[in-house]
Amino acid sequence: MSHSYPSHVTIVDVSPRDGLQNESMTVPTEVKQALINNLIDAGIKKLEVTSFVSPKWVPQMGDNSALLDALAPTRQKDVCYSVLVPNMRGFDNAIAYRPDEIVIFGSASETFSQKNINCSIDESIERFAPVAAAAKAQGIKVRGVISCTVGCPYEGEIDPSQVAYVTKRLIEIGSEQIGIADTIGVGTPLKVQRALQATLEYADIAMLSGHFHDTYGQALSNTLAALQMGVSEFDTSVAGLGGCPYAKGATGNVATEDVVYMLHGMGISTGIDLEKLVVAGERISGFLKRPNGSNVARALINKRQS
C-alpha cells in the first residue's frame, strides 16, 4: 500500500448539463432546478448547471437563462455554479448570471475537434482565448476540459503528447484547472495515468480533474488510477446520466453514487450524504422514466425494499 491517496475529493456533478443534454425528451426548467437543489442538499459543492451553446446544436440547454434566473434566489455562496461556454457570444450571454466558473472544451483529437466544433484544435484554443481573458477580468474561474484524452471514435488511441500539447495551450490562455476526459470511455488505468502524466509537464497535479465515462465499465478503475496519482477532483453524474452526442455508443458518465461509495469506503471524505444523493438520482431517473444507471443506488434501493 504505497499510494498516498488524497484525504478529501471534490465531486463535480455534471448531470444537469452533461447528463441531460442527450436526453431525447425535453426536461423542464423546474425539473433541472429541483435536480440541482437536490444535489446541493446532498452536499455537492460544485456543479455544471448548464451551457451557453446554440440551442440549434444542443436544444436541451435552450433554457440556460431561465434556469439561472430560477436558481438565483436560493443560490448558495459556498457552491460553485459552472457553465459551459464555447465562444464569446456564449460568454456574453452567460455573464449576466455571474457563474462562478466557466468551462471551455478542447480536444486531444484533431478529427474529434473538427466533427464536434467544426474547427482544428488550434482554432478552438484561439476561439477560447478571449473567453478566458474576459472571465478572468470579471473574477470568474476558468476550467479547460480536454476531451478524447485516451481514445477517439475517429482516430483510435490518442498519443499522450497530444494531451500535453492541449494542456499547455489551455494554460497559456488562462485555464486554472484542466479536466482530463475519457469522452468515449475506452480508457484503462495505465492509459489514463499516461495521459495524466503527460499533463504534468505543464500542470500541477492539484490543477487536474478526471472525467471518465463508463462505456466499457472502466470508469471506477480509471478514477482509482487517477486517485493514485494524487488527482482529487472528479466529474461524475448522478444516476450515471449522460453520454456524448458526437461519440456514437458512448454511455453515461460514471455515476456519482458509485464514486462516492468507493471514496467513502476508502476513508476519503467528500462532504456528500450518500442517502440523499441516491434520492436525487432516483427522482431524476423517475422523471426521465429510465432505469437508474448507478450500481450503488440500485443496491441500496433493493436493500431498503427487502
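Strand 1 (residues 10-13) and strand 10 (residues 233-236) run parallel and are joined by four bridges. Within this pairing, isoleucine 11 has phenylalanine 234 of strand 10 as its bridge partner. The model is predicted. Both strands belong to a closed barrel of eight strands with parallel pairing, in the order 1-2-3-4-5-8-9-10. From one strand to the next, the twist averages 25°.

Strand 2 (residues 46-51) contains glutamate 48. Glutamate 48 counts as buried, at 0% relative accessibility. Its side chain makes a polar contact of 2.5 Å with the side chain of arginine 17. Apart from neighbours within four places in sequence, the residues in contact with glutamate 48 are Val12, Asp13, Val14, Pro16, Arg17, Ser82, Val103, Arg143 and Asp235. Among these contacts of glutamate 48 are Val12 and Asp13, which fall in strand 1 (residues 10-13), and Asp235, which falls in strand 10 (residues 233-236).

The structure holds zero disulfides. The closest cysteine sulfur to that of cysteine 148 is in cysteine 152, at 4.7 Å, and this is too far for a bond, because a disulfide requires sulfur atoms within 2.5 Å. Cysteine 152 is likewise in no disulfide, its nearest cysteine sulfur being that of cysteine 148.

| Residue | Relative accessible area | Class |
|---|---|---|
| Cysteine 148 | 0% | buried |
| Cysteine 152 | 4% | buried |
| Glutamate 48 | 0% | buried |

Note on methods. Residues are numbered from 1 along each chain as its sequence is written. This is a predicted model: local features need pLDDT of at least 70, side-chain atom pairs count only at pLDDT 80 or more; totals for chains, interfaces and linings use all residues. Side-chain values use heavy atoms; hydrogens and water are left out. Two strands pair if DSSP finds at least two bridges between them. Helices (H or I, at least four residues) and strands (E, at least two) are DSSP runs, numbered from the N terminus. Axes are lines fitted to C-alpha atoms, for helices over the stretch in contact, and angles run from 0 to 180 degrees between N-to-C directions. Buried means under 20% relative accessible area, exposed over 50%, partly exposed in between (1.4 Å probe, protein chains only). A polar contact is a pair of N or O atoms within 3.5 Å; within protein, one must be able to donate a hydrogen and the other to accept it, and residues adjacent in sequence count only if both atoms are side-chain atoms. Contact means heavy atoms within 4.5 Å.
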